[in-house]
Amino acid sequence: MDASTPTDIPNWRRFWAKTFPRGDEPRDEASMTHPLWAHLLDVANVADLLWDAYLPSHLRNSFLSSTGASSAELRRRMSLWIGLHDVGKAIPSFQSLHGPTWSRLEKGGLGADAPGQYRVHHGHATAPALFRWIEQTASSEATVTYWKRMAVFVSYHHGRLQKFGFDGFSGPLDDWREDPRTLGPSAWRDAREALISNLVSAWAGDGWPETEEVSPQWPPWLLGFAGWATLADWIGSMSLHFPKDVPASGDLKTYIEQSREGAKEALREVGIAETASIATTDFSEMFGFSDPRALQMMTGEVERSSSPSLTIMEAPTGEGKTEAAFRLAARQQFSSPTDGETASKDSNEEGSSDDRSGIYVGMPSRATSNGLFPRFEDFLRRSCAPEKAPNLVLVHGTADLHPSRQRLLGNEPGIEDVHNQDGNSLSSEETEQAEVQTKSWFLPKKRSLLASYGVGTVDQTFLGVLYSKHFFLRLLGLAGKTVIFDEVHAYDTYMGRLFERLLEWLRALGTDVILLSATLPSSSRTRMLRAWGSEPDEDYAETNFWSVEDGELVSSENGDSEGDYPALWRAESGDVGKHVLADNAVNQGQEASIERQDPSPSAIVEEVKTAIRPDPDGQGACVAVIVNTVTRAQKIYSALQEKGIGLPEEDVWLLHARFPQGERSRREEAVVERFGPQRTPGTPGVLIATQVAEQSLDLDFDLMLSDLAPIDLLLQRAGRLHRHLETHEGMRPAKHQSPTLKVICPAAYEGWMPILEKHGMGFVYDSLVLYRTWNLLRKVDGWSLPEDYRPFIEEVYGETGAPEFLTDEAKDKWQEARREAENRQAVESSEARARIIPSREELRSLAETESVSLADDEDPDVHQDLQALTRWSEIPSVDVVCLHRGPDGDRLFLDRACTEEAPLGDLPKPDATRQVMKQAARLSGRDLAPFLQEREDLEWEEMVAQTPALLHHQRLVFENGHWDGGPGDVPNLRLDPELGVLIGPDDP
């Protein structure tokens, strides 16, 4: 609508929604605008198309369960209700932002005094406008309540909560909603109601779906509805696809038809519905081999659930839990073929008419996500029909550095006239199986969960139940999917509380969940089942025992229903069933000896030298030294280099999280090649690493030295001992034919904690858990797995008192550690409660929340009280980019040798962004992190202003490997090419 708009049109057609500036023309003077009524119809059309194109059936059925309306009728009215999301823009404070429009409104009689003094966010203004309209048009109080609830959640589409302090919507509105200076006097109200009535009439005719009864409890599907509204708004704001220069007058129905074609085009551009479904559940087709392990076979015996289900799978490391989970997820997602498509070759599968919407795999870290991505990608290529490409994304903070991102064609999204328009490039890679695509629209993390298939960190799912911006959009992205969570035993109290709330909401939104762990404490498993809504008891609804006979999995009459392992728990509709594997079905048992190792770096070096020394057959050991802190790893590696162990540099590696991302990725790839499944047996090598090697990498060692850690993590680390039996059987060094774990801690019970602290092993894990682990190891000289998994875990994590043999002083330490653990758990529980969204029973409390902008989870400047923290730590951290100053003192380089200049002038172009992001690292420290977060670097902020990936990173410029940018009490930093970032004077 341009400046030549006739003066005789009704005011409701004069309102503007968006502008189209030309060149340097400022928005408030832009001659061309997109009318509000047109934008509302654009978004309504997108919402209507998303009903079939994206919303999972469980969510659609949830909508329908609350009203007697037909599917077609409710779909149209809910889509329009979403379209009306921006009717709150028809208020003085917003309309005055565009000068020409404001002049026309004044001429039409809608002038207002000083609108800028009485501003209210237009999203929040939408709710009272819709309240008033539905009150005047609906014939029953239940119908009014039903649609008002949705109006509340439509008003949150910009990620701002607002208190709507009413009881059952019958109480008085807040002052700002009654003040004519905010929403405008009666003429503005009449214009808004005329706008709504005309759109309703053109869209769906007169009348409104009536509801006979509404539960006092707000339905959980409202969060899915809020995500649907936000998604529709984002796509409906891609102005490139919708009519421009809209005439000031004309039939609204004609525009609806034109807009609908634009909505179809926008959805095609985004590719939100263009992805392949799982087409087979045949094991050999999915994985390319036809010899599944017992656990993988057992998942074929678990019936496909018709309602959301929770599966907890516990089995030793190396038993194939990942493939078993993929197979189970495929069975859940499998739909019956239609129109001549090829049916599954698995004769046990019967397909289903209900749809599931994809798979997401939540991993404990970025490294584990990167490691799993190619395996999941290969699984999808084999499992999906080749006619259509699976839309697959990698989802975590540094995913842009991954090769999957570098396959994208074209540029990153440009800055368009709407904040959420994301460009039109896509990625493709031709294969013999299904092509796997990544639409660039899905790359921003808030939207990544909307893609049908994804691998990323568990943190991305936690943000769906934290007060983070657009948390409901993340939940929509998970609705109807099968979500796999790996290594769930590693969650602390804070993460555990988040996870329990997440489980509750995932069930409410029709999501199937699969949890993987080597083993869980029984208390943790019980909490997870209860969070799902199932009450476990000793006599499970059904217990099935399985054994292996002649390579086939068969039902077994024998089995002990208490304490069995490996096992699979399945909760559905409140009932819990259990599947248990017999001992003869376990492929990856382990008979390992446990010895003590002196903590000092010099003693560790001597032990390594002994292990790598060739035996009479000329074979030396591959040794892993896993320690608890980066500084300790750097010191041991430096001691190794100083002593000299006679191995070439390609056989000795240091790996930790304090390398810049590019170097860390290079080292991870090299370590897997050197110590992975295909390593050459008998060729000695050494890896010094922190916890990054605990879960993320597929490695195989002959001997392991490990700092004392909680028993579950020691078991996890030891899973890298003799991991690939079939590859290296009979080829181990003579003195390492059986696995040996040397735990780095003193054997004596007195005074051991100060020794640990002296060597940098304290302050990482819970002291009480370390005490209990030490006490357990004191009594054994080895373990036999899988038999010892459960008793070991329960002894450490169960309720046990201090051992009687301890001295009074040691008992005091034990009790002090218990009190510290209880206090820490209380603090973490409290912190989780402060940041977590309400339970499904308390959803209405969102409408009683004080007005607040939801926290941006990526912004470290947000105060911790508001930050959407997915992990709790009392030690702050900061993301940095490590650059090097050149010899001329002016230019900045990516490398210390100053051979590759940092392409800062080319930001935010994708290639330049990736090159700079390769220098990113995360640093933590009580003194260092707060200082870095608060320091000003205006030049850097200007450089990265249009580069979202770098916005919340600090720049550190090193000169000759040194950074000295802080006051005296802030540790100096060094960046060493072999050791990574070193903090403080005590580092090597």
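A helix here is a DSSP run of H or I at least four residues long, numbered from the N terminus. Arginine 632 is found in one of these, helix 24 (residues 630-643). The model is predicted.

**A buried arginine**

Arginine 632 has 4% relative accessibility, so it counts as buried, the cut-off being under 20%. Its side chain has polar partners. One is the side chain of aspartate 707, in a polar contact of 2.9 Å. Another is the backbone oxygen of proline 599, which lies 3.0 Å from a polar atom of the arginine 632 side chain.

**Strand 10 and its neighbours**

Strand 10 (residues 482-485) is covered on both faces. Thr482 and Ile484 are buried on one side, Val483 and Phe485 on the other. Strand 5 (residues 359-363) pairs with strand 10 in the parallel sense, over four bridges. Here isoleucine 359 has threonine 482 as its bridge partner. Strand 11 (residues 512-517) also pairs with strand 10 in the parallel sense, again over four bridges. Isoleucine 484 is bridged to isoleucine 514 in strand 11. With helix 21 (residues 493-508), strands 10 and 11 make a right-handed β-α-β unit.

Three strands form an open sheet in the order 28-29-30, with antiparallel pairing. Strand 28 (962-963) and strand 30 (980-983) are the edges; each has a single partner strand, so one side of each lacks a neighbour in the sheet. Strand 29 (residues 973-976) is joined to strand 30 by four bridges. Among the bridge partners are aspartate 976 and glycine 980, the latter in strand 30.

**Salt bridges**

Side chains of opposite charge can pair when their charged atoms come close. The structure holds 42 salt bridges. The table lists some of them.

| Glutamate 323 | Arginine 375 | 2.7 Å |

Glutamate 323 is buried at 17% relative accessibility, whereas arginine 375 is partly exposed at 40%.

Glutamate 607 in helix 23 (residues 601-612) and lysine 742 in strand 21 (residues 740-744) are 135 residues apart. Glutamate 607 is partly exposed, at 21%. Lysine 742 is buried, at 10%.

Aspartate 937 sits in the loop between helix 34 (928-934) and helix 35 (938-943), and arginine 955 in strand 27 (residues 954-958). Aspartate 937 is buried at 11%, and arginine 955 is buried at 7%.

Elsewhere, salt bridges with shared partners join Asp48, Asp52, Arg75, Arg76 and Arg260 into one network.

Conventions: Residues numbered from 1 in each chain as written. Predicted model: local features only at pLDDT ≥ 70, side-chain atom pairs only at ≥ 80, totals over all residues. Heavy atoms only, no water. Buried < 20%, exposed > 50% of the residue type's maximum accessible area, 1.4 Å probe, protein only. Helix = DSSP H or I, 4+ residues; strand = E, 2+ residues; numbered from the N terminus. Pairing = 2+ DSSP bridges. Right-handed = clockwise from strand over helix to strand, strands pointing away. Polar contact = N/O pair within 3.5 Å; in protein donor to acceptor, adjacent residues only side chain to side chain. Salt bridge = Lys/Arg side-chain N within 4 Å of Asp/Glu carboxyl O.
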